[in-house]
Amino acid sequence: MRLAYVALGANLADPVAQVRAALEALTRLPQSRLLRASSLYSSAPVGIRGQPDFINAVAAIETMLTPQAMLAALFEVEEQFGRRRDFHHAPRTLDLDLLLVDGQIIDSPQLQLPHPRMHLRAFVIAPLIEISPQCRIPGRGHAAAWLPAVSMQAIERLNSREP
């Protein structure tokens, strides 16, 4: 079994409901089991203007899937939620990013692990350390050590963790 962390985000079509439904969809991934999910967080879009705020969360998943198969399964879930990729940083009904898988480092055109910008995003670091305070990012150290680097990014915790 592998331990994978997945970031969830949405800023269209009732994003709170989208992220909650996506967490439920993650319970149905093949050969996988949702272990924990963070609270929901609201955050301003990074690097873009004129879009609604995002709702974000991070999930810990135990899986038998390879990282590549996990990424493909996440893309299928995004597609079920109507994800479109009209342009870079487009608003989205659902965005699922594979952040980490058992400390593996992968650098291929299809997949990069750890996710290359995860340590620079408050909407990833805050929910990640909520569910895994001791989490380490390969090549970057403890995830919590990156909190000062993202402290100027607006983020607000919305609720307690979903059961």
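Does Glu24 count as buried, exposed or partly exposed? At 44% relative accessibility, Glu24 counts as partly exposed; the classes are buried (under 20% relative accessible area), exposed (over 50%) and partly exposed (in between), with a 1.4 Å probe and protein chains only.

1. Basis. This is a predicted model, in which local features need pLDDT of at least 70 and side-chain atom pairs count only at pLDDT 80 or more, while totals for chains, interfaces and linings use all residues. Residues are numbered from 1 along each chain as its sequence is written, and side-chain values use heavy atoms, with hydrogens and water left out.

2. Strand S1. Helices (H or I, at least four residues) and strands (E, at least two) are DSSP runs, numbered from the N terminus.

3. Partners of S1. Two strands pair if DSSP finds at least two bridges between them. With strand S4 (residues 54-63), S1 pairs in the antiparallel sense over 9 bridges; Arg2 stands opposite Thr63 in S4. S1 also runs antiparallel to strand S5 (residues 95-101), joined by 6 bridges, and here Gly9 stands opposite Asp95.

4. Salt bridge count. A salt bridge is a side-chain nitrogen of Lys or Arg within 4 Å of a carboxyl oxygen of Asp or Glu. By this rule the count comes to 3 salt bridges.

5. Arg28 and Glu24. The side chains of Arg28 and Glu24 meet in a salt bridge at 3.4 Å, N to O. Arg28 counts as exposed, at 56% relative accessibility, whereas Glu24 is partly exposed.

6. Glu62 and Arg33. A salt bridge of 3.1 Å (N to O) joins the side chains of Glu62 and Arg33. Glu62 lies in strand S4 and Arg33 in strand S2 (residues 32-37), so the pair ties together parts that are 29 residues apart in sequence. Glu62 is partly exposed, with a relative accessible area of 24%; Arg33 is partly exposed as well, at 46%.

7. Arg157 and Glu130. In this salt bridge the closest N and O atoms are 3.7 Å apart. The pair links distant parts of the chain, with Arg157 in strand S10 (residues 155-157) and Glu130 in helix H3 (residues 122-131), 27 residues apart. Arg157 counts as partly exposed at 48% relative accessibility, and Glu130 counts as partly exposed at 24%.
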